[in-house]
Amino acid sequence: MGHVLLGNPGIEQLALATALHRVCLREGERVTVVATDPVTHRCMRAQGLSPVALQAGRPIRLPRIPLEDFARRDVRCAGVADASPAALGRCTDALARRLGAVLRLFETMLPDLVVLFDARDGYGRMLDWVAREFRCEVLHLGDGLLPGTLQCDELGVDGDASTCERPALAYRDISADVGFLDDALAATLAGESLRTDGRSRPPVWAPDTLDTALALFDGLSHGRLRKALDRLGAWRRAAERAPTTTLVDPDPSGLPREPFVAALLQRPEDPRLRLDGGDQPHPDHEVVIATARRAALAIGGGSVPVVVVAPPGASGRLARDASASTTVVQVGAATAPIAAALAAAVVTVNHPHALVGILAGTPVLHFGRTPYGIPGVATRLGDRPLDAVLGDALGRSQPALRARFATRLLKDDHVWCPAEAPDANGVLGLLGAIRRHLAHDRSNAPEPGYRPGPTWPLVSRGTDVEA
C-alpha cells in the first residue's frame with residue numbers, strides 16, 4: 001500500500017481531487033489531502049475529504065532551498081516582469097513563513113507520491129522541490145492543450161513540462177496513430193470534447209453563514225481579505241450544479257471564406273503568458289496582431305485578412321484599424337480551435353489551441369515556451385526576420401514529425417479526463433499514472449481499461465465509456 005499526497009488542490013480542482021481521493025482509497029492506497037488556505041480547508045472538509053491545513057508560521061530560510069527563485073515566479077504571476085527588491089523580498093518572506101509547515105508535513109508523513117495541481121506559482125514549485133528532496137515521486141496535473149484533457153507530467157505543466165526539454169529526435173521511434181489524431185481533431189472542432197456530464201460531478205455543499213463569517217474574520221485578521229473573498233467566490237461557483245450537458249459552440253460563421261492568418265490571443269493574466277512569454281515583458285496583444293499582419297502581407301499582400309481570436313472575457317476591438325494594410329476580423333474565444341485549423345498560418349505567444357492547428361497541418365508561429373515548441377512541429381519567433389521564419393514554417397513542413405509528436409503528446413503526456421467532471425475512463429487513466437509512479441515504473445504502457453482519445457459516440461475507435 002502506497003501513500004499518495006494531494007499536495008495543493010484548489011477549489012477549482014475540487015472535482016478532480018475528490019475523484020482521485022475516491023479511486024485511490026478504493027485501490028487500498030493511503031491518501032492525504034493538503035489545503036493551502038483556510039477557505040479551501042473548510043470547503044474540502046464540507047465535502048468529506050478531511051484535509052490537512054498548513055498554517056504559516058515564523059519564517060525559515062535554509063541555504064539549500066532557492067526561495068528567491070520560487071518568489072520570482074509569484075512576482076511574474078502577479079504580472080510584474082522585472083521585480084523590485086522590495087516586491088521580491090515580500091514574496092520570499094511569504095514563502096519562508098510557509099516552509100516550516102511544509103517541511104514538517106514531509107518529515108511526519110513522508111508520502112510515496114505527491115500529486116500537484118497547476119503547480120506553477122512559487123508555493124507549488126516549493127512543494128515540488130521539497131518532495132524531491134525527500135525522495136518522493138512527483139506527478140503534475142494541469143489543464144490540457146485540448147479541451148477535455150489534462151497534462152500529466154513528472155516535471156510540471158506548460159513551460160515546466162518535460163515535453164519542452166525533448167528534441168525532435170525523441171519522437172523518431174514513435175508510431176503515428178493517424179486515426180487517433182483524426183478523432184481528436186474532429187471532436188475538438190465539433191465542440192464535443194467540451195461536453196461534461198453533470199452526473200459524473202459530485203455535489204458541492206455551498207458555504208453557509210458560519211463558513212462565510214469565519215473566512216472573512218481570518219482574512220481580516222491576517223491581511224488576506226482579498227484572497228478570502230476570491231476563495232469564497234470560487235466555492236460558491238463550485239457549488240452551482242453543472243447542467244447535464246455543457247457545450248460551447250465553436251461558431252465558424254464569422255471567419256472569412258478566403259485564406260487568412262489567425263492571431264490567437266490570451267488573457268493578460270494567463271500564467272502561460274506571464275511565466276512562459278519569453279520576452280521581458282512578454283509580447284502583448286498589439287505585438288501578436290502586428291506580427292500576424294506582417295505574415296498576412298508576406299503570404300498574399302493585402303488580399304489575406306487577419307482573424308483576431310479574442311481571449312475569454314475580452315470586450316471591444318483589440319486591433320487598431322488606423323493605417324491598417326490588411327483586413328482584420330475579430331471573433332470570440334470559442335472560435336479559436338476552428339480558426340487554428342482553417343488558417344493559412346497561426347501566430348500566438350503560446351495559446352494551447354495552437355495544437356489544433358498542428359493537428360490540422362497549419363503552420364504555427366509562436367513567441368513563448370510551450371510543449372509544442374519543437375522545430376519542425378512549430379516555429380519560434382525570435383531574432384530572425386519574419387520572412388525567414390515564415391519561409392521555414394511554410395516551406396519546411398514535416399507532417400510525419402508532427403504526427404509522431406502529437407501521438408505521444410496526446411497519448412502519453414495527456415490524460416483524456418475533463419477536470420471539471422472526471423469520467424470513468426479519465427479516472428482510469430489517472431489511476432494508471434499513479435500506479436506507475438508508485439511502482440517506480442517509467443514506462444508509458446497504457447492502463448487496462450483506459451482508452452486515450454475523445455469519448456464522444458461518433459469516433460471510429462470504439463464505443464463510449466460510461467461514467
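Modeller: A residue is called buried here when its relative accessible area is under 20%. The model is predicted. With that cut-off, the buried residues of helix H14 are Leu-401, Arg-402, Ala-403, Phe-405, Ala-406, Thr-407, Arg-408, Leu-409 and Leu-410. H14 itself runs through residues 399-411, and its length can be checked: at 1.5 Å a residue, its 13 residues should span 18 Å, and the end C-alpha atoms are 18 Å apart, so the two values agree.

Helix packing can be followed at another place. Two packed helices are described by the angle between their axes and the distance between the axes. For helix H1 (residues 14-26) and helix H15 (residues 424-438), the axes come within 10 Å and cross at roughly 65°. This crossing of H1 and H15 is right-handed. On the H1 side the contact is made by Leu-16, Ala-19, Leu-20, Val-23 and Cys-24, and on the H15 side by Val-427, Leu-430, Leu-431 and Ile-434. By class, these residues comprise nine nonpolar, no polar and no charged.

As to the cysteines, a disulfide requires a pair of cysteine sulfur atoms within 2.5 Å, and by this rule the count is zero. Cys-152, at a relative accessible area of 11%, is therefore classed as buried. Cys-164 is likewise buried, with a relative accessible area of 17%.

Key. Residues numbered from 1 in each chain as written. Predicted model: local features only at pLDDT ≥ 70, side-chain atom pairs only at ≥ 80, totals over all residues. Heavy atoms only, no water. Buried < 20%, exposed > 50% of the residue type's maximum accessible area, 1.4 Å probe, protein only. Axes fitted to C-alpha atoms, helices over the stretch in contact; angles between N-to-C directions. Helix = DSSP H or I, 4+ residues; strand = E, 2+ residues; numbered from the N terminus. Left-handed = near helix turned anticlockwise from the far one by under 90°. Contact = heavy atoms within 4.5 Å. Nonpolar A, V, L, I, M, F, W, Y, C, P; charged D, E, K, R; others polar. Expected span 1.5 Å × (residues − 1).
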